[in-house]
Amino acid sequence: MDNTSSTTGSFRDRSLEAALDALGEAGFPQAEILALDPHVGPPGEQELGRLRGILEAHSVRGRTMHATGARNTLAALDASWRKQSVEALTGYVRLAGALGMTELVIHPISDRDLAPYADDPELPQKMREAVKRSLDDLMPAIEASGVRITLENLPYLGLPLNTMRELRTVIDPYPCEAVGLVIDLGHVARLDLDPVDEIRAAGERLYGTHIHDINVNAGGADHHSPTLGYHDWDAIRQAFAGIGYTGPWTSEAMQLSHGESPEELAREVKDWMTFWLR
Ligand SMILES: [Zn+2]
């Protein structure tokens, strides 16, 4: 079975319908729907009906959804911020569950909103407690909707909870059907971490991937094609095999590197994945 997928974020220049068409033409059988303009509006009954109609009319399966990040974060430090985040994230949990997605990707931390607290020596502990409270608050909606949320490692240097090891300690007490991890390999590269170690640390709680590479010719920017080969992709593939990973292989390559079109990038990544996963 072809278990490759791609973010719709590589086609934010067009509607969700057109983005799914483009991913299908590139050969992707599944997509991660990016819950941002112009692909997804605010969650609710009307948006659910619209998305359901689009997905039913397309051969590309909506496999996963990526909730909006920024201020909607699990590590919301005070009660009103957390209430607002949990309310917003609950909307995406319900939406993704009603659409039959297997996972909803959530950002556990936010750089802009947490940076003002970076000098607080108690910040790591406060963030861990905030994530736990948010997860506790989200659990009823997660269990009712049948979707698993996956926490993503983010590339924010100097903030806690950006490694798989730290994220595992936070999610381990929760049931694996409800809470897991998604590894973003471009973010691993930006933090100069060892991807093999990170994959092993995520272990059996890993349910998703964000596959992209950094471009050393573009200042180390991420979300470039894995064909750039900064990572040792063979070692990474072996590490995934070592933990028995069975989740989707999701491209998050969105940045153009060598004058290609977005369509050409999608095709290039799809062809590379076929070779990499052979
Ligand atoms: Zn990502």
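Tutor: Let's start with helix H8 (residues 195-202) and helix H9 (residues 233-242), whose axes come within 9 Å and cross at roughly 15°. Helices here are DSSP runs of H or I with at least four residues, strands are E runs of at least two, and both are numbered from the N terminus. The axes are lines fitted to C-alpha atoms, over the stretch in contact for helices, with angles running from 0 to 180 degrees between N-to-C directions. Bear in mind that this is a predicted model, where local features need pLDDT of at least 70 and side-chain atom pairs count only at 80 or more, while totals for chains, interfaces and linings use all residues. Residues are numbered from 1 along each chain as its sequence is written, and side-chain values use heavy atoms, leaving out hydrogens and water.

With that crossing angle, H8 and H9 are roughly parallel to each other, a label for angles under 35 degrees. H8 passes H9 in a right-handed crossing, meaning that the near helix is turned clockwise from the far one by less than a right angle. On the H8 side, Pro195, Val196 and Ile199 meet Ala235, Ile236, Ala239 and Phe240 of H9; contact here means heavy atoms within 4.5 Å.

Asp194 sits in the loop between helix H7 (185-190) and H8, and at 38% relative accessibility Asp194 counts as partly exposed. The cut-offs are under 20% relative accessible area for buried, over 50% for exposed and partly exposed in between, using a 1.4 Å probe and protein chains only. Gly203 is in the loop between H8 and S7, and at 6% Gly203 counts as buried. Setting aside neighbours within four places in sequence, Gly203 touches Arg168 and Ile243.

Glu152 (OE), Asp184 (OD), His210 (ND1) and Glu252 (OE) coordinate the zinc ion at 2.0 to 2.2 Å; donors are N, O and S atoms within 2.8 Å of the metal (3.2 Å for Na, K and Ca), and with water not among the atoms, sites may look incomplete. Along the chain, the zinc donors follow the spacing E-x31-D-x25-H-x41-E. Asp184 belongs to strand S6 (residues 179-184) and His210 to strand S7 (residues 206-210), so this pair ties together parts 26 residues apart in sequence. Asp184 and His210 are both buried.

Definitions and conventions:
Parallel < 35°, antiparallel > 145°, perpendicular 65-115°, else oblique.
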